[in-house]
Amino acid sequence: MKQPAVIELAILQGKMLARNVSFWSVSLLIAGLSMLVFGYLFKPDARPFSLAVIDEDATQTSQSLTAAFEGVENVTVSTRSRGEEMQRFQDGKLGAVVILPHGFEAGLTHGQTPVEAYFDASDPVRASLAQTTVAGVIEKFNQQAIPDRAGAVIDSRSQGTKHVRFIDFLTPGMVGMTIMWTNLVVGALMITWREQGILRRLGTTPLRPSTLIAAQAISFASISIVQSAIVLGMGALLFGVELHGSLVFLSITVFLGIMAMLGIGYAISSFTRTTPSAHAVGQLVAFPMMFLGRSYFPMDPPGFMRPVVNAIPLSHLNDALREVVNYGGGFGDIGVHWLFLLAWAAAGFIASSLLFRWQ
Amino acid sequence: MSHVVTFDRARRQSPIALALSVLISLSVTFRNQMVRAVSGVRSAAARGSSAAAPEAAALATTKREPERLHEGDPVLALDSVVKRYGALVAVNAVSIEVNRGEIFGILGPNGAGKTTTLEMIEGLRAPDDGCITILGMPAQRQRRRIQQLIGVQLQSQTLWQELTVEETLRAFRTLFKNRVSVETLLDRFALREKRRSLVGGLSGGQKQRLALACAVVNDPELILLDEPTTGLDPQARLVFWDLILDMKADGKTIVLTTHYMEEAAQLCDRVAVMDKARIIAMGTPRELVRELEFDNTIECLFDGDIDQESLLALPEVTGLREQADGSHFIFTKDVARSMAALIGLAEHKGATIANLQVRSATLEDVFISFTGRRLRD
């Protein structure tokens with residue numbers, strides 16, 4: 001029975017890649033270690049901090065919300081006067097100040113009532129931790145204390161109420177990073193084949209470059225998909241990282257990310273001549289991408305860097321992955337990122353097919 | 001309520017986007033299938049006969065006579081082929097005709113232009129001038145059809161280290177319409193015990209046999225081998241020669257390059273001797289040697305001064321070449337008479353003979369008599 005050449009070649013290419021253990025294990029190990037380190041050891045989310053609750057309403061409802069804050073682990077709650085607490089906040093001694101204003105209880109009976117909250121932005125990790133904590137407490141309070149009403153709303157002074165832990169943020173970034181590392185390797189692979197004369201040998205056969213590239217893309221994509229599943233599975237099993245969005249959108253995002261990185265990998269192979277230089281160029285591309293592309297840390301680049309960061313395919317891959325995984329984003333949120341990834345993939349593949357040479 | 005900002009925009013998934021991406025990928029797949037189908041039909045029609053015999057059970061069984069090739073036509077013809085790299089002429093007006101069932105050798109030192117010549121036949125390089133006809137088809141225009149019908153082994157061929165022997169054969173096999181079964185190849189090239197071994201762990205001889213097996217996965221009419229035995233130990237070289245002779249017995253046509261004089265003499269039916277981009281002699285090894293004016297070569301190094309005129313004046317000597325190291329090749333029709341006179345001459349001149357070798361004329365002498373140099377320096 002005859003199998004199409006592209007399938008048979010993809011399977012054999014997949015075997016070659018699978019047997020090259022360091023190829024697929026290193027990026028996976030980096031991702032796994034990063035998640036373990038930030039999920040268990042450093043736990044930026046679990047750092048204890050102080051929080052002041054100023055109860056100006058002094059009703060039963062406001063007191064029960066105050067009590068809810070006092071029950072949170074790793075949080076020291078103080079309830080002094082407003083002036084005193086604001087002074088401590090200015091001195092940087094508090095991660096957040098929550099103010100339950102006059103008429104808090106009365107407001108709840110009408111629907112919504114605002115809660116004022118201040119977060120100390122000078123320590124971003126503590127600030128995001130405090131934001132998450134305050135938002136979490138209020139959400140829980142809403143559900144338990146007043147399930148039939150709309151509930152308390154945090155005032156606009158406090159932004160970023162997304163309930164995202166650092167590990168939630170990190171996991172999609174690790175998926176993006178793994179996709180990048182794995183697929184950029186195709187560039188070095190092509191150079192090695194060219195150096196060893198394997199491409200020259202294939203050039204004497206009826207094999208078309210498009211068939212070869214399609215077969216390689218299929219096998220790299222398969223490995224990348226398995227790696228992504230492992231990273232996401234590890235996040236889910238060890239750290240309870242949830243997939244809020246649809247699996248279909250996640251798959252499309254992963255697929256487009258793979259294609260964009262493969263495109264860049266092939267482009268690298270068109271512009272470099274030796275395997276060491278392909279590796280060097282690959283790392284020169286990959287390391288800045290990894291950090292500027294927000295795989296590890298949220299980053300707000302300074303103005304002049306913004307166009308660069310916004311052009312990086314990994315930024316779009318990570319943003320799209322986070323939209324899907326963390327926020328359950330839809331096409332409206334990730335469509336732009338998809339377009340960017342598609343453009344990178346198209347540019348890379350077109351450039352490399354124009355510049356393709358067997359030797 | 002604190003989630004409200006993010007969940008609000010969450011569930012507007014667009015089915016259009018999904019449909020679009022599926023459509024794109026489907027259309028790409030469809031286009032590729034169409035291209036494959038059309039080209040398959042085209043070449044099957046052009047070939048006329050047995051495209052419907054995909055699995056060739058044995059190397060010899062399939063008959064795929066291209067219609068343009070008539071009985072007695074050369075399988076391969078090069079007509080005044082030229083290849084230049086900038087100012088350097090790598091191949092200069094080379095004309096060769098290779099007949100069906102022949103083992104044709106291109107003999108010459110490194111850098112003579114053998115590999116470039118072969119690469120033009122293989123389609124890896126385009127000639128700057130002249131024309132190449134393979135199996136009756138113009139090589140440039142019918143490259144895709146020709147690629148189906150030739151087998152190639154490149155110089156110091158590297159294969160995928162991470163694949164097993166069997167997988168390597170499968171990888172090459174899948175590229176062709178006509179495919180010899182893997183089992184046949186494993187038996188034929190004595191690789192059955194190694195079928196599950198990775199290529200990286202094979203011996204030199206085994207790698208060589210695998211490379212040769214890869215060259216015949218499509219049961220080719222014409223097999224092109226670039227320095228196939230370079231770097232092999234003598235034992236592996238003998239095994240390799242046997243395999244080549246088996247292929248010849250199957251009616252295959254084989255063109256190989258070599259810088260081993262013995263290989264050309266023993267294996268090849270006809271030889272083209274190549275040097276500095278040109279073919280300097282062509283014929284059967286026996287003819288080439290017989291055409292020399294001499295039967296033996298005396299190679300000697302004198303410890304003392306002996307002028308060339310007196311050497312040339314020795315009886316039965318037909319020619320003389322001086323080497324860079326000061327030793328001489330003396331070509332003679334009668335080795336006994338020349339030798340006796342040579343010893344007398346040395347005594348007379350007060351010189352001693354530091355080194356002396358006598359041998360019957362070989363292809364190497366053909367090369368030396370044309371160029372003044374050895375094949376391998």
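## Contacts and layout of chain A

In chain A, 81% of the contacts with a separation of 6 or more are between residues 24 or more positions apart; two residues are in contact if their C-beta atoms, placed from the backbone, lie within 7 Å. This is a predicted model, where local features need pLDDT of at least 70, side-chain atom pairs count only at pLDDT 80 or more, and totals for chains, interfaces and linings use all residues. Residues are numbered from 1 along each chain as its sequence is written, while chains are lettered from A and ligands numbered from 1 in the order in which they are written.

Chain A has 14 helices and 5 strands. Helices (H or I, at least four residues) and strands (E, at least two) are DSSP runs, numbered from the N terminus. The C-alpha trace of chain A spans about 85 × 45 × 35 Å along its principal axes. Of the 359 residues in chain A, 48% are buried. A residue counts as buried if 20 or more other C-beta atoms lie within 10 Å of its own, as exposed if 12 or fewer do, and as partly exposed in between, with C-beta atoms placed from the backbone.

## Domains in both chains

Chain A splits into domain 1 (5-40 + 165-355) and domain 2 (45-154), with bounds that come from an automatic or database domain assignment. Taken over C-alpha atoms, the centres of these two domains of chain A are 42 Å apart.

For chain B, the assignment gives domain 1 (76-288) and domain 2 (293-360). Here 40 Å separate the domain centres of chain B, again taken over C-alpha atoms.

Which residues of helix 3 (residues 60-70) of chain A are buried? They are A:Thr61, A:Ser62, A:Leu65 and A:Phe69. Looking down the axis of helix 3 of chain A, you'd find these buried residues within an arc of 100°, so they line one face of the helix; the arc is that of the directions from the helix axis to the C-beta atoms. Over on the other side of helix 3 of chain A, A:Gln60 and A:Ala67 are exposed.

## The sheet in chain B

Now for chain B, which has an open sheet of 6 strands in the order 7-9-10-4-11-12, with mixed pairing. Its edge strands are strand 7 and strand 12 (278-283) of chain B, each pairing on one side only. From one strand to the next, the twist averages 15°. Two strands pair if DSSP finds at least two bridges between them. In general, strands of a sheet pair through backbone hydrogen bonds, either parallel or antiparallel.

Strand 7 and strand 9 of chain B run parallel and are joined by 4 bridges; one of the pairs is B:Gly151 with B:Ile223 of strand 9. Strand 9 also pairs with strand 10 of chain B in the parallel sense, over 5 bridges, and B:Leu222 has B:Thr253 of strand 10 as its bridge partner. Strand 4 of chain B pairs with strand 10 of chain B over 5 bridges, also parallel, and B:Leu107 sits opposite B:Thr258 in strand 10.

Why call strand 10 of chain B largely enclosed? Because 6 of its 6 residues are buried, strand 10 of chain B is largely enclosed by the rest of the structure. Both of its faces are covered: B:Thr253, B:Val255 and B:Thr257 are buried on one side, and B:Ile254, B:Leu256 and B:Thr258 on the other.

Helix 3 (residues 114-122) of chain B lies across strand 4 (103-107), strand 7, strand 9, strand 10 (253-258) and strand 11 (270-275) of chain B, and runs at about 150° to strand 9. Axes are lines fitted to C-alpha atoms, for helices over the stretch in contact, and angles run from 0 to 180 degrees between N-to-C directions. Helix 8 of chain B packs on the sheet too, touching strand 4, strand 9 and strand 10 of chain B, with its direction at about 150° to that of strand 10.

## Helix 7 of chain B

Helix 7 of chain B is mostly covered, with 9 of its 12 residues buried. Those buried residues pack against strand 7 (150-153), helix 5 (165-173), helix 6 (182-188), strand 9 (222-226) and helix 8 (234-249) of chain B. At 1.5 Å a residue, the 12 residues of helix 7 (residues 204-215) of chain B should span 16 Å, and its end C-alpha atoms are 17 Å apart, which agrees; the expected span is 1.5 Å times one less than the number of residues.

## One buried residue

B:Ile134 lies in strand 5 (residues 129-134) of chain B. B:Ile134 is buried, as 28 other C-beta atoms lie within 10 Å. Leaving aside neighbours within four places in sequence, B:Ile134 is in contact with B:Leu76, B:Ile121, B:Ala139, B:Ile146, B:Ile150 and B:Leu222.
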